[in-house]
Amino acid sequence: MAFERITIDPSRMNGYPCIRETRMTVAAVLGQLAAGRNIEQVIDDYPYLEVADVLAALEFAAVAVAERELPLAESA
(Lines give C-alpha, C1' and ligand atoms only; values in the text may rest on other atoms or scores of the structure.)
Protein backbone atom coordinates (compact mmCIF):
# COMPACT_ATOMS: atom_id res chain seq x y z
CA MET A 1 0.00 0.00 0.00
CA ALA A 2 1.42 3.39 -0.99
CA PHE A 3 0.95 6.46 1.16
CA GLU A 4 1.38 9.53 -1.00
CA ARG A 5 1.02 11.99 1.91
CA ILE A 6 3.28 10.14 4.35
CA THR A 7 7.05 10.33 3.96
CA ILE A 8 9.87 8.67 5.86
CA ASP A 9 13.30 10.26 5.60
CA PRO A 10 16.10 9.25 7.99
CA SER A 11 17.41 12.83 7.91
CA ARG A 12 14.06 14.33 8.98
CA MET A 13 12.61 13.85 12.48
CA ASN A 14 14.85 10.82 13.11
CA GLY A 15 13.07 8.87 10.38
CA TYR A 16 9.62 9.04 11.94
CA PRO A 17 6.75 9.05 9.43
CA CYS A 18 5.87 12.66 8.55
CA ILE A 19 3.15 14.43 6.66
CA ARG A 20 4.21 15.43 3.10
CA GLU A 21 7.91 15.98 3.82
CA THR A 22 7.16 18.44 6.63
CA ARG A 23 8.42 18.12 10.18
CA MET A 24 4.91 17.23 11.36
CA THR A 25 4.97 13.59 12.40
CA VAL A 26 2.11 11.17 12.06
CA ALA A 27 2.44 10.59 15.81
CA ALA A 28 1.96 14.31 16.52
CA VAL A 29 -1.24 14.38 14.47
CA LEU A 30 -2.53 11.24 16.16
CA GLY A 31 -1.65 12.66 19.56
CA GLN A 32 -3.72 15.74 18.86
CA LEU A 33 -6.71 13.59 17.87
CA ALA A 34 -6.24 11.30 20.87
CA ALA A 35 -6.27 14.36 23.14
CA GLY A 36 -9.77 15.13 21.91
CA ARG A 37 -9.06 17.69 19.22
CA ASN A 38 -11.09 17.33 16.06
CA ILE A 39 -9.72 17.57 12.52
CA GLU A 40 -10.72 21.22 12.13
CA GLN A 41 -8.93 22.16 15.36
CA VAL A 42 -5.77 20.35 14.28
CA ILE A 43 -5.83 22.18 10.95
CA ASP A 44 -6.42 25.51 12.71
CA ASP A 45 -3.31 24.85 14.82
CA TYR A 46 -1.26 23.69 11.83
CA PRO A 47 -2.59 25.57 8.79
CA TYR A 48 -0.19 23.87 6.39
CA LEU A 49 -2.07 20.60 7.00
CA GLU A 50 -5.08 19.56 4.96
CA VAL A 51 -7.98 17.29 5.90
CA ALA A 52 -6.49 14.65 3.58
CA ASP A 53 -3.23 14.79 5.60
CA VAL A 54 -5.00 14.02 8.85
CA LEU A 55 -6.97 11.21 7.24
CA ALA A 56 -3.74 9.83 5.75
CA ALA A 57 -2.18 9.81 9.23
CA LEU A 58 -5.15 7.82 10.54
CA GLU A 59 -4.95 5.39 7.64
CA PHE A 60 -1.19 4.96 8.11
CA ALA A 61 -1.69 4.24 11.81
CA ALA A 62 -4.45 1.72 11.11
CA VAL A 63 -2.22 -0.18 8.71
CA ALA A 64 0.77 0.04 11.04
CA VAL A 65 -1.01 -1.51 14.01
CA ALA A 66 -2.56 -4.19 11.84
CA GLU A 67 0.93 -5.34 10.86
CA ARG A 68 2.38 -5.83 14.34
CA GLU A 69 1.78 -7.61 17.57
CA LEU A 70 1.19 -5.00 20.24
CA PRO A 71 1.54 -5.68 23.95
CA LEU A 72 -1.76 -5.34 25.78
CA ALA A 73 -2.25 -4.79 29.48
CA GLU A 74 -3.14 -8.00 31.25
CA SER A 75 -6.71 -8.10 32.43
CA ALA A 76 -7.22 -8.56 36.15
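Figure 1. Met24 is buried, its relative accessible area being 6%; buried denotes under 20% relative accessible area, exposed over 50%, and partly exposed the range in between, with a 1.4 Å probe and protein chains only. The model is predicted: local features require pLDDT of at least 70 and side-chain atom pairs pLDDT 80 or more, whereas totals for chains, interfaces and linings use all residues. Residues are numbered from 1 along each chain as its sequence is written, and side-chain values use heavy atoms, with hydrogens and water left out. Met24 belongs to the loop between strand 2 and helix 1. Helices and strands are DSSP runs numbered from the N terminus, helices being H or I with at least four residues and strands E with at least two. Not counting residues up to four places away in sequence, Met24 touches Pro17, Cys18, Ile19, Val29, Tyr46, Tyr48 and Leu49, where contact means heavy atoms within 4.5 Å. Met24 and Leu49 are 25 residues apart along the chain, and their C-alpha atoms are separated by 8.9 Å.

**Figure 2. Overview of the chain.** The protein contains three helices and two strands, arranged along the sequence in the pattern β-β-α-α-α. Of the 76 residues in the protein, 26% are buried. Among contacts with a separation of 6 or more, 40% join residues 24 or more positions apart.

**Figure 3. The largest nonpolar core.** Twelve residues form this core: Ile6, Ile19, Met24, Val26, Val29, Val42, Ile43, Leu49, Val54, Ala56, Ala57 and Phe60. A nonpolar core is a set of buried Ala, Val, Leu, Ile, Met, Phe, Trp, Tyr and Cys residues joined through side-chain atoms within 4.5 Å. Helix 1, helix 2 (39–45) and helix 3 are the elements that give two or more residues to this core. Helix 3 supplies the largest share, four residues. In soluble globular proteins, nonpolar side chains tend to be buried together. Ile19, one of the core residues, touches Arg5, Ile6, Met24, Val26, Val29, Leu49, Asp53 and Ala57, not counting residues up to four places away in sequence.

**Figure 4. Packing of helix 1 against helix 3.** Two packed helices are described by the angle between their axes and the distance between the axes. Helix 1 (residues 26–34) and helix 3 (residues 51–66) pack at an angle of about 100°, and their axes are 9 Å apart. Helix 1 is therefore roughly perpendicular to helix 3. Axes are lines fitted to C-alpha atoms, for helices over the stretch in contact, with angles running from 0 to 180 degrees between N-to-C directions; 65 to 115 degrees counts as roughly perpendicular, under 35 as roughly parallel, over 145 as roughly antiparallel and the rest as oblique. On the helix 1 side, Val26, Val29, Leu30 and Leu33 meet Val54, Ala57, Leu58, Phe60 and Ala61 of helix 3. The residues of this contact comprise nine nonpolar, no polar and no charged. Here Ala, Val, Leu, Ile, Met, Phe, Trp, Tyr, Cys and Pro count as nonpolar, Asp, Glu, Lys and Arg as charged, and the others, Gly among them, as polar.

**Figure 5. Leu30 in helix 1.** Leu30, located in helix 1, counts as partly exposed at 24% relative accessibility. Leaving aside neighbours within four places in sequence, Leu30 is in contact with Ala57, Leu58 and Ala61. The C-alpha atoms of Leu30 and Val42, twelve residues apart along the chain, are separated by 9.9 Å.

**Figure 6. Backbone of Arg20 and Glu21.** Most residues other than glycine have a negative phi. Arg20, although not a glycine, has a positive phi of about 40°, and Glu21, also not a glycine, has a positive phi of about 60°. Arg20 is partly exposed at 30% relative accessibility, whereas Glu21 is exposed at 54%.

Figure 7. Asp53 is placed in helix 3 and is buried, with a relative accessible area of 0%. The side chains of Asp53 and Arg20 make a polar contact at 2.8 Å. A polar contact is a pair of N or O atoms within 3.5 Å; within protein, one must be able to donate a hydrogen and the other to accept it, and residues adjacent in sequence count only if both atoms are side-chain atoms. Leaving aside neighbours within four places in sequence, Asp53 is in contact with Arg5, Ile19, Arg20 and Tyr48. Thr22, in the loop between strand 2 (18–19) and helix 1, is buried at a relative accessible area of 18%. The Thr22 side chain reaches the backbone nitrogen of Met24 at 3.1 Å.
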